[in-house]
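User: I am learning to read protein structures. Could you take me through strands, sheets and disulfides, one feature at a time?

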Amino acid sequence: MFPFLIVVLFSLSWKISDSTQPAEEFLHCLSLRFHNSSSISELVYTQHNSSYSSVLKSSTQNFRLSTPSTPTPLVIITPLHASHIQATVHCCKKHGLQLRIRSGGHDFEGLSYTTTYEVPFVVIDLLNLRSVRINVEKGTAWVESGATVGELYYEIAKRSRTLAFPAGIGHTVGVGGHLSGGGFGLLFRKYGLAADNVIDSRLIDVKERILDRKSMGEDLFWAIRGGGGSSFGVVLAWKLNLVAVPAIVTVFTVSKTLEQNATKLVHRWQYIAHKLPKEIHMSIGISRVKSNENEKMTIQASFRAVFLGSIDELLPLMEEKFPQLGIVKEDCFEMGWAESNLYSTQFPIGVPLETLLNGNRKSILSKLFFKAKSDYVKQPIPETTFEGLWPKFYKEEAKSAIMVFVAYGGKMDEILETETPFPHRAGNLYSISYVVDWEEEENKNSEKFMSWMRRVYNYMTPFITKSPREIYINYRDLDIGVNKFNNHKGNYVQARIWGLKYFKNNFNRLVHITTKLGPKTSSGTNRASLLFC
């Protein structure tokens with residue numbers, strides 16, 4: 001679960017601990033609040049603890065943010081019960097410590113376990129709170145925030161081949177952060193986002209109360225489903241509406257190089273993919289490869305699809321809608337919905353379902369040094385623009401770079417952009433994600449890779465959404481701006497610049513909800529905006 005910078009909007013004069021021993025004072029407070037004092041040694045890790053480093057790094061997914069210069073928490077709490085979180089919230093308030101919440105550690109800028117401010121902070125790591133309870137008869141599930149998406153999918157698939165949940169394909173991603181930022185995946189054109197299918201939750205607020213949907217009220221329930229759950233408290237668990245899928249789905253990946261007409265196919269895809277039936281999810285992965293013929297570098301576009309139906313149903317659809325791609329039966333494979341998520345992250349066909357439980361595999365956006373950005377496209381990009389883009393992939397620093405286009409449309413065109421804080425709905429043809437990664441020995445020169453990313457991002461500026469240039473909050477990008485701590489006059493103005501990019505006009509409602517949370521300090525500051533930031 002990720003923290004969210006919108007919360008630092010107003011006067012930040014609430015006293016941050018100036019003690020020379022903030023960790024000791026905080027630990028003393030915890031010892032008085034924990035019902036079983038012996039559990040402190042098992043659940044609390046200070047910087048002097050021998051296991052501190054391994055616990056901190058266990059869910060660190062972007063190694064770019066795991067260097068000696070990266071700010072680290074004073075203390076890591078790994079709670080077993082809600083009471084441990086309540087105690088932590090109380091003691092952070094009492095001693096003026098910021099609080100970060102981590103479920104899977106996939107925040108692209110590491111803000112679930114580090115900070116951009118030079119202030120002491122505490123991390124609650126939800127790794128022990130990961131239960132998943134499936135009710136097949138009612139088609140619902142309760143899942144704790146520390147569970148991974150893969151664990152959720154595994155538990156559903158064990159009980160039913162015809163139930164699913166429309167979350168993302170990254171099986172190591174933590175449920176807490178994923179849901180609180182929106183969460184899109186293979187089923188979002190059919191059923192909307194993961195957050196659109198949350199029907200209840202349990203949250204600990206700044207007053208240490210445990211609230212459900214009814215007791216927190218519809219405003220707060222709206223805010224945590226796409227506005228950053230840990231901006232408003234600690235979400236313990238989510239009640240999910242499961243959705244229907246066929247027992248068999250069909251997948252394909254067809255790759256084309258420039259020599260095989262890739263540019264024209266990518267250009268044509270823009271006019272087709274968002275209009276396809278809701279049952280098909282289509283994407284393109286673009287990267288550089290070596291040509292088989294002469295080992296010369298070229299660009300490869302990999303067209304991928306997951307279809308809720310059989311091969312025999314898919315083939316005539318593709319022949320009618322996108323004959324230029326030339327899909328044939330040999331390109332297609334049938335499997336279960338859960339397995340299609342593994343296929344979509346490039347696992348070999350036939351790997352056991354238990355692979356969804358493996359949290360240690362190095363994969364795209366997991367256990368790497370990387371930088372990522374995102375965009376949305378409302379008008380087809382000219383073919384000449386792609387032709388100008390491809391040479392940028394031939395640069396040395398782009399050897400592992402990839403751009404991914406994901407088609408929108410379907411159900412996303414039917415949901416109002418005010419339904420949840422996630423506003424990127426009708427009118428978007430597709431989203432773009434940009435990723436560049438590098439090896440550990442290259443990290444000392446990481447700026448050259450990030451500079452490449454920024455050049456590509458700037459090149460795309462005329463062709464993507466404008467006023468604002470929209471960005472997905474789960475693909476957080478600090479290049480677009482951060483607030484300066486203790487700059488109370490400029491914080492709202494600064495936050496609005498990037499807040500509108502993430503949330504469009506929903507930003508204003510999020511600000512309003514934030515101002516209503518919790519007690520005020522003597523200077524009028526909202527305590528929740530200081531604690532959960």
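User: Which face of strand S5 is covered, and which is uncovered?

Analyst: In a regular strand the side chains alternate between the two faces of the sheet. S5 (residues 132-135) has Val 132 and Ile 134 on its covered face. Arg 133 and Asn 135 are on the uncovered one. Strands here are DSSP runs (E, at least two residues), and helices are runs of H or I with at least four; both are numbered from the N terminus. This is a predicted model: local features need pLDDT of at least 70, side-chain atom pairs count only at pLDDT 80 or more, and totals for chains, interfaces and linings use all residues. Residues are numbered from 1 along each chain as its sequence is written, and side-chain values use heavy atoms, with hydrogens and water left out.

User: In what sense do S5 and S6 pair, and over how many bridges?

Analyst: Strands of a sheet pair through backbone hydrogen bonds, either parallel or antiparallel. Two strands pair if DSSP finds at least two bridges between them. S5 and S6 (residues 140-144) are antiparallel, with four bridges. Val 132 stands opposite Val 143 in S6. The two strands form a hairpin with four residues between them. Gly 139, in the turn, has a positive phi of about 65 degrees.

User: What is the order of the strands in the open sheet?

Analyst: The order of its four strands is S1-S2-S4-S3, and the pairing is mixed. S1 (44-46) and S3 (98-102) stand at the edges with a single partner strand each, so one side of each has no neighbour in the sheet. From one strand to the next, the twist averages 20 degrees. S1 pairs with S2 (residues 75-77) in the antiparallel sense, over three bridges. There, Val 44 stands opposite Ile 77.

User: Which helix lies across S1, S2 and S4?

Analyst: That is H1 (residues 22-33), running at about 25 degrees to S2. Axes are lines fitted to C-alpha atoms, for helices over the stretch in contact (heavy atoms within 4.5 Å). Angles run from 0 to 180 degrees between N-to-C directions.

User: Which cysteines does the disulfide join?

Analyst: A disulfide is a covalent bond between the sulfur atoms of two cysteines. The cut-off here is sulfur atoms within 2.5 Å. Cys 29 is joined to Cys 91, S to S 2.1 Å. Cys 29 lies in H1 and Cys 91 in H4 (residues 82-95), so the pair ties together parts 62 residues apart in sequence.

User: Is the disulfide left-handed or right-handed?

Analyst: The torsion about the S-S bond is about -85 degrees, so the disulfide is left-handed. Both Cys 29 and Cys 91 are buried (under 20% relative accessible area, 1.4 Å probe, protein chains only; exposed is over 50%, partly exposed in between). Cys 92 is in no disulfide.
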